[in-house]
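This briefing sets out selected features of one protein model for computational work. Please read it alongside the sequence and the coordinates.

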Amino acid sequence: MSAPVHLRDRLSLDSTVPFATDLSHIVFGISSSAETWDRERPYNELWWRPGEMHGYVWLDEDPPADSTWPSTCPPYRVSTFNASTIGGSPSAARIARTIVESYKAVMAEPGSREIRWFVIGDDSTVLFPENVVAVLNKYDHEEMYYIGSISESVEQTVRHSYSIAYGGAGFVVSQSVAAELALMMDGCLERYANLYGSDERVQSCISELGVILTIEPGFHQVDLHDDIYGLLAAHPVAPLLSLNHLRHLKPISPHWETQVEAVKSLIEVSKHDPSRTLQQAICYEHRPGVNWSVSVSWGYSVEVYPQHVSSKELAKPLMTFRTWRTRSPGPFTFDVRPVDPNRACELPLIFFLDQAKSETGRNGIIRTITEYSRNMTDNVISSCKLQSYIKALELETVTVYATKMDPDDWKRVNSL
């Protein structure tokens, strides 16, 4: 008689020599509900790639019988779990179980498939798939990993935890973690029925496996209100992995009327150079009548300051946002620069992305050309009288040339 095969072993039975992780090794599990899906669906359609990606949208019940599920979205499944038996919030328990539901769904599919990672998000989570792949190639998929990031607002992290991956930002578990959760999560959810939400329950169950959170700062919960321009213009040195809560914010670019259009622009430009998206470059222009400090957030914006600003300061996001829970001016889990409209010479002229293209040189090196135009909707009238500022007002567009970044470069950047 052959030895029994546990759930955690079956996903890797056919694996041979390890090779780089790609999209075929990842299952995406999206937590949603029949009530919220249509509202959030446009954000999912921005990043989902039918035929290239594998995963499911998990609902609490079937969508209306007279509706047609779109082919531009992940296929849906209805949760098989009776969350009302657990106690506490049934929806929190159901969402926490998205990992297990996704794992068991893959296991029930015919044929063999090597799955290394499970990426879990909400229906409001916008993911950047190539960058997720690049980050996961930093880690050994055969080890037990729980990867994500914390909230941007200190009031949220203090209330919930600094050790949980916030689910709206999305998080990742290796297949070995998913397999172990499949064996023990139902009982675990009963033990933690008193906890507030799905994020805390997931972390508590994973902690019982002896696995702690590995932080990747490119996952963004976006527990912020108003305008996240400052965060996007001074992104951490990390690949952009996700954005959340976009429906609650001002459009990320004034060049577009709706948030979906603005986010689509960012996703489209990222296809030219995923690894470089939002990466900050700082330079200085000094000549007679000109003393500019320039900060580029690739694929998004260019800031021109009419005086010298240190790179240390430029690396801090402008505080164009407020906290999620109380709409307070901080504190945040990263450094910020206050915005004082009465100190006009300390504020930048801002240019937002208009267009992008890629070209290959004679040496075979690919480079991108991105063009940015000034935000004229604000009708800039400044009290700053610096000659350098007056000269900056003559600028209409900024063009940025950059060689395409190698995703393997991120292997040299340590996670926090």
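Which residues do ring pairs link into a cluster? They are Phe28, Trp47 and Trp48. The model is predicted, so local features need pLDDT of at least 70 and side-chain atom pairs count only at pLDDT 80 or more, while totals for chains, interfaces and linings use all residues. Residues are numbered from 1 along each chain as its sequence is written, and side-chain values use heavy atoms, with hydrogens and water left out.

**Aromatic pairs**

- The structure holds 16 aromatic pairs; rings of Phe, Tyr and Trp (its six-membered ring) pair if their centres lie within 6.5 Å, with planes under 30 degrees apart counted as stacked, over 60 as edge-to-face and the rest as tilted.
- The pair of Phe28 and Trp47 is tilted, because the ring centres are 5.7 Å apart and the planes stand at 50°.
- Phe28 belongs to strand β1 (residues 26-31) and Trp47 to helix α2, so this pair ties together parts that are 19 residues apart in sequence. Helices (H or I, at least four residues) and strands (E, at least two) are DSSP runs, numbered from the N terminus.
- Phe28 counts as buried at 0% relative accessibility, and Trp47 is buried with a relative accessible area of 2%. Buried means under 20% relative accessible area, exposed over 50% and partly exposed in between (1.4 Å probe, protein chains only).

**Open sheet**

- Six strands form an open sheet in the order β11-β12-β13-β15-β16-β17, with antiparallel pairing; two strands pair if DSSP finds at least two bridges between them.
- The edge strands, each pairing on one side only, are β11 (280-287) and β17 (397-403).
- Strand β16 (residues 366-374) is joined to β17 by seven bridges, and Glu371 has Thr399 in β17 as its bridge partner.

**Helix α10**

- The twelve residues of α10 (residues 259-270) should span 16 Å at 1.5 Å a residue, and the end C-alpha atoms are 17 Å apart, which agrees. The expected span is 1.5 Å times one less than the number of residues.
- Buried residues of α10 include Ala262, Val263, Leu266 and Ile267.
- The buried residues of α10 pack against α2 (37-47), β5 (126-127), β10 (242-243), β15 (349-360) and β16.

**Ser124**

- Ser124 is found in the loop between β4 (117-122) and β5, and counts as buried at 14% relative accessibility.
- Leaving aside neighbours within four places in sequence, Ser124 is in contact (heavy atoms within 4.5 Å) with Glu40, Leu243, Asn244 and His245.
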